Amino acid sequence: MSKKGVSKISGNSSPKVGEAVTYTVTDWYPSTPQNQRNPANVIWELFKKRSNGRFTSTNIKKTGVGNFTFGEVAQKHTYRLEAYLFEPEGRGPSTIEIDPQPAVVPKIEKVELQYVDDSPGTVFSFTEKMRARAQCVNLNGKKLKFTLWEDDATGEGHDAKNLLIETKEATVDRSGVATAEFMLTRALMQKAMQGETDPKQLEFYVTVEYFSHKKHATDNVNVNNPLHTPAPTPQPRPQEPTNNPSPPPQSTPETPSNNTQPRAENSPAAEKPASQMEERGVAGQNPNPPEGELHDYQEAQGTIEAEQPSTPQANEGKTVSIVEDSSVEELLDAYFAKKEYTKQTGEAAGTLEYKFGGNGNKTATDAEKEKIAKIILGKPAVKALADKKEYTTLEAIKQALSKEVYNKDEKVSFQTFKLGAELKKITSAPLDTKLYLVAKTAGSGLSDKQATIIIKEKDGLIKGSAGAVLPILEISEEQMDQATPTTGEVPGTEKSEFTGKIENGMVKIPVHLRPKSDDELKQWKEKISKGKEDGEYTYKFGGENKVTDENSKKRVAEAILKNVKNGNTNNEKIADGKTAYIDDIEKALEIKTYQKDQTVKFKLYKKEKELLYLQAKAQGEKQHDKEFLKADGVYFEVGKTKYIIFPLLIKPRNDVNGANSRDYWGEDKTNQTTYEYNRDGGARKHAARDLETESNETVVAIAGGTVLEAKAFYLGTHQVTIHHTIPDGREFIVRYGELDPDSLKVSKGDTVTQKQELGKTGKMTGISRYMIHFEQYTGAEGFEVENYRLTQNDNPPFNRRKDLIDPLKILQEGYRNTFESGESGDRVDPDTLTFSQNGLDFLKGYEKEIKRDGKHVYFDDDYEYCTIGYGHLIAGKNSCANITIPQNFINGLTDAEANTLLANDVSRISNLVKSKVTVNLYQYEFDALVSLAFNVEAAVGSDSTLLRKLNAEDYEGAADEFKNWRKAGGVVAPGLVKRRAQETDIFKNNVYDSTH
């Protein structure tokens, strides 16, 4: 079913607290009828990000109005705003993540003068370096002007006779600090130019200005000349008598008000009198006066001493301020990054031809062009441009629409552009991934210097001790974009420290997250997969068990593993948080007959994540040595390798939400694209799963392997057959059928790597749809396909070899690893999961509500159980007539109250599921179990066959048990049959559909 409703919204994702902002609908799904495209009917719902990273509703909903004002408390949280007509989608362009920003008034809090050893001071030497440090609020990234002035007048404050000594710019860093430094010999040279060859001291000040609004001045301070020798007849400077109350008219404006700079409305400065700087006319001496209005100011006085020695640089190399680029030299950050081609360059790349699929596409007016261009922009072929490092724009498509109307099969070509590379910070990656080590710095003192980055383990899962250095491969930029050879030596040099040159405040070092040795890589992967060794288990046999060969050894090991995970009279259940693996049990078993009460020992493991952090070092004017990513929630996680990916780089046209969702590829033999679907009136069955595409789309290898065949297939198409060998021990054959014959990129005997292009989807003669026909074979009949062909017309009903299997599982694994963002492809401990928004929406679809006058009222459900809200049973399995309705339910519930009640019920059921399930789950498996248990708690009870199979890691068997919970009052209920089927679809296929 095609989507309908709001497809895109726009608005400010970083609104200021207290500031009213408006969000608007900018696009609709193409299948939305015109009479439904009414913004007045759009629901705007606000969700809040919780501590576990998930969004739940705030119950703030508005219809027709996207106006929101975020309060002070909102600045601590992240929100998601979604607009919809029917149901929220939970992600995509119809949502905006919002981070309210504090409404702090930008200001310079104080300006401090410092010596070169970072200590504060007010009295300096003519021969030393002085730094000015401005502490700011809400000015991060803004440029400030630091100006050193001489005050050549007696008395407190500044005078119009001040002389400009030097001005520099600085940028406020992430900590709110901007710093500049001045060589005070310039002041001595300036006095000499004025005729004062041996001044004892002078008074100066530093003014720090933010040109959009504000200025800030330091205390007056004196610089004493340590080289001073008394002159017999010193030349006094001309100055006004101290008893003269008014400065000379030629130096000072007629009234102080003429010097008062314009104040910003409602600013701190607007509430203050004129500053000393303004009253003395100092601002008028600056040849580059600030632009805009004064926002704030502060002034402080200093003391004067006769003589002052210069301050030595501290032995430990204290940081010295940077002048030109404004910040103290510093290591700012270090992290792992991936190169992604996401930067829109505007540089022409080529053209893309689009063929219209229907008639009457009007493009006579600008509004019509915009509508059609938006539809084209959302097409898979256009989205797939990213795979070629290209993109196009709405304007480019509009410019290409030169006709007034386009009909079916007419074509239009529009400009495409090159995507540029950007380094994106990442928080996790599997082993054997190529990525970058990045360090960022501040300060010109570190420019062109060397930075060193060291990778360390948090807990030592690989190397055995916390804080252990993890050596990996350093590679070149050229090798970064090359496929890793499947045979021979892996390119790169194994190092424990990685050094690069700092350029433009950054060093980036290409690395390969693996050791040099393939055998050692295999060991690393096993350690990450299994966890940390944590003791051993002694298993006692309950009867005679014969181990006669490798097959019987595996069978006995499987039985042992199930027993120790569940526990029995002879063997305690493995402690929570620990696990065991079948390969270790197989290694421990001998070829012999085990008698009752004999034992076998094998390793136990504690499930731990492989977490890394970085140490970065650099030498500037001082030695910098800092650790990064070393905090809970910040560590870099090494995930398990995604051994299988999807054979397409884009989602199929017949995906669950695709243009042809009625032929969803993941269903159970219900449509022509599915495995085992009847063909030729039932004379044969479909031997594959078909993945449809809009046009010729790239087909890739789901894993590494060897090409067994690359030749003609059916009706003008070709096929590539690959013997896939997976690092986790799996091996099988995949036939990639119905490829375009002119597109094949591989030949028989070629070695392929995961994601290597094999060719393009094709279409059979007489068939209008492009697709890939995906078959899988176990290899039980051998991996030789010339003499024992895959196609065998004398072997009905599939006309294939006997080891043909349904490829659904392998496709689902690849789909998760390719398209489900943020998932590592691994099941997780259910204790870490919460019922998802998708699950909640599904549940609401079945737990009907009854409303009267806008409130949820109590009623007897289909089984005559007194209910209110979303499936909340008021008094167990009793009708409303047989109970006393609680006071808080008599007058009904508001939406917020009903949602709160539902949240409490879901929380209780979620905890019940977590208490019963002892194996890891995907999010959608957990959702399906919660929905089932919400309806019938016994489904996860101690006597449940479903639970028993699930806890034995028989996920398929557990899925098949859903259908057995379909009776109400001892009678099969059609509504429950439908619900169980849809919950099974969630559990197996990650498909949420509560339509009934």
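Which residue does a disulfide join to Cys 866? The structure examined here is a predicted model, in which local features need pLDDT of at least 70 and side-chain atom pairs count only at pLDDT 80 or more, while totals for chains, interfaces and linings use all residues. Residues are numbered from 1 along each chain as its sequence is written, and side-chain values use heavy atoms, with hydrogens and water left out.

The partner of Cys 866 is Cys 880, with an S to S distance of 2.1 Å; a disulfide is defined as a pair of cysteine sulfur atoms within 2.5 Å. The structure holds one disulfide. The link of Cys 866 and Cys 880 is right-handed, with 95° about the S-S bond. Cys 866 lies in strand 52 (residues 866–868) and Cys 880 in the loop between strand 53 (872–873) and helix 12 (887–890), so the pair ties together parts that are 14 residues apart in sequence. Helices (H or I, at least four residues) and strands (E, at least two) are DSSP runs, numbered from the N terminus. Cys 866 has a relative accessible area of 0% and is buried; Cys 880, at 14%, also counts as buried. Buried means under 20% relative accessible area, exposed over 50%, and partly exposed in between (1.4 Å probe, protein chains only).

An open sheet is formed by four strands in the order 5-4-7-8, with antiparallel pairing. Two strands pair if DSSP finds at least two bridges between them. Strand 5 (55–63) and strand 8 (95–98) stand at the edges with a single partner strand each, so one side of each is left without a neighbour in the sheet. Strand 7 (residues 79–84) runs antiparallel to strand 8 and is joined to strand 8 by four bridges. Leu 81 stands opposite Ile 96 in strand 8.
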